[in-house]
Amino acid sequence: MAISDKKEAQPDEEGRFHRFRARLRRNPLLNTAWRAGVFAVGATVLIGGLVMMVTPGPGLLGIVIGLAILATEFAWAQRALHRAKTAADRAKEKAFDPRKRRRNLILGTTTAVLAAAAVAAYLAIYGFVVPWNIEDPAFWT
């Protein structure tokens with residue numbers, strides 16, 4: 001199959017989905033079911049992204065993917081996705097600002113040095129005793 005054949009085959013696959021979606025839109029019940037399914041999947045991914053904002057995980061990625069799924073059927077999600085993309089672009093520009101990068105590097109290094117000094121001070125004062133070498137086991141019972 002030549003490259004030109006692949007280019008010709010791609011619109012047919014796109015056309016297949018658009019024909020399928022047009023057939024669903026003509027039937028109100030199927031259209032509502034499709035939109036409800038898209039809403040359920042998109043909302044689940046979006047809520048998962050929101051949960052991952054406070055728990056470990058790629059929260060922002062989940063939010064963006066959830067909005068992208070919802071944006072395939074809902075105009076409000078397209079607007080929200082557009083606002084999220086512009087906010088991400090602004091954050092990227094701020095992150096690449098050399099002065100702020102330098103400031104963040106200095107703050108991060110200072111915090112790491114202070115945390116290491118705090119751990120060293122704790123170990124110097126109290127020593128390092130592993131739980132299985134505790135001299136008075138009555139403390140734990």
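**Reading the helices**

Q: Which residues does UniProt list for "transmembrane region"?

A: The unreviewed UniProt entry lists residues 33–54, 60–77 and 105–129 under that name. Such annotations may be inferred rather than shown by experiment. The model here is predicted.

Q: How much helix is there over residues 33–54 and what is the distance between the end C-alpha atoms?

A: Residues 33–54 are 100% helix and 0% strand, with the end C-alpha atoms 32 Å apart.

Q: What are the values over residues 60–77?

A: Here the chain is 83% helix and 0% strand. The end C-alpha atoms are 15 Å apart. Part of that stretch is the loop between α3 (59–71) and α4 (75–95).

Q: How many helices and strands does the chain have?

A: Five helices and zero strands. From the N terminus, the order is α-α-α-α-α.

Q: How much of the chain is buried?

A: Buried means under 20% relative accessible area. By that cut-off, 16% of the 141 residues are buried. The chain exposes about 11,500 Å², and carbon and sulfur atoms supply 67% of this area.

Q: What share of the contacts joins residues at least 24 apart?

A: Take the contacts between residues at least 6 apart in sequence: 32% of them join residues at least 24 apart.

Q: How do I read the sides of a helix?

A: An α-helix has 3.6 residues a turn, so residues three or four places apart point the same way. Now take α3. This helix has 13 residues and reaches 18 Å from its first C-alpha to its last, close to the 18 Å expected at 1.5 Å a residue. Its buried residues are Gly 59, Gly 62, Ile 63, Gly 66, Leu 67, Leu 70 and Ala 71. They cover an arc of only 165° around the axis, so they lie on the same side of α3.

Q: What covers the buried residues of α3?

A: The cover includes α2 and α4.

Q: Which residues are buried in α4?

A: Ala 77, Ala 80 and Leu 81. Their arc around the axis is only 100°, which puts them on the same side of α4. The cover over these buried residues includes α3.

Q: Which exposed residues does the face of α4 turned away from its buried side carry?

A: That face carries His 82, Arg 83, Arg 90, Glu 93 and Lys 94. As for length, α4 has 21 residues and reaches 30 Å between its first and last C-alpha, close to the 30 Å expected at 1.5 Å a residue.

Q: How far apart are Val 41 and Ile 69 in sequence and in space?

A: Val 41 and Ile 69 are 28 residues apart in sequence and 7.6 Å apart in space, C-alpha to C-alpha. Val 41 lies in helix α2. At 47% relative accessibility, Val 41 is partly exposed.

Q: How many aromatic pairs does a search of the whole structure find?

A: Four. Look at Phe 39 and Phe 74: their ring centres are 6.0 Å apart and their planes are at 85°, so this pair is edge-to-face. The cut-off for that label is over 60 degrees.

Q: Why does the pair of Phe 39 and Phe 74 tie together parts that are 35 residues apart in sequence?

A: Phe 39 lies in helix α2 (residues 28–54), whereas Phe 74 lies in the loop between α3 and α4, so the pair ties together parts 35 residues apart in sequence. Phe 39 is partly exposed at 42% relative accessibility. Phe 74 is buried at 13%.

Q: Which aromatic pair is tilted, at 45° between the planes?

A: Tyr 122 and Tyr 126, with 5.0 Å from centre to centre. Both lie in helix α5 (residues 98–126), four residues apart, about one turn of the helix. Tyr 126 is exposed, with a relative accessible area of 58%.

Q: Which residues form one aromatic cluster?

A: Phe 39, Phe 74 and Trp 76.

Q: Is Glu 73 buried or exposed?

A: Buried, at 12% relative accessibility. Glu 73 lies in the loop between α3 and α4.

Q: What does Glu 73 touch, not counting residues up to four places away in sequence?

A: Glu 73 touches Arg 21, Arg 25, Trp 34, Arg 35 and Val 38.

Terms used: Residues numbered from 1 in each chain as written. Predicted model: local features only at pLDDT ≥ 70, side-chain atom pairs only at ≥ 80, totals over all residues. Heavy atoms only, no water. Helix = DSSP H or I, 4+ residues; strand = E, 2+ residues; numbered from the N terminus. Phe/Tyr/Trp six-rings, centres within 6.5 Å; stacked < 30°, edge-to-face > 60°. Buried < 20%, exposed > 50% of the residue type's maximum accessible area, 1.4 Å probe, protein only. Contact = heavy atoms within 4.5 Å. Areas by Shrake-Rupley, 256 points an atom, 1.4 Å probe, with all protein chains shown as cover. Expected span 1.5 Å × (residues − 1). Arc of directions from axis to C-beta.
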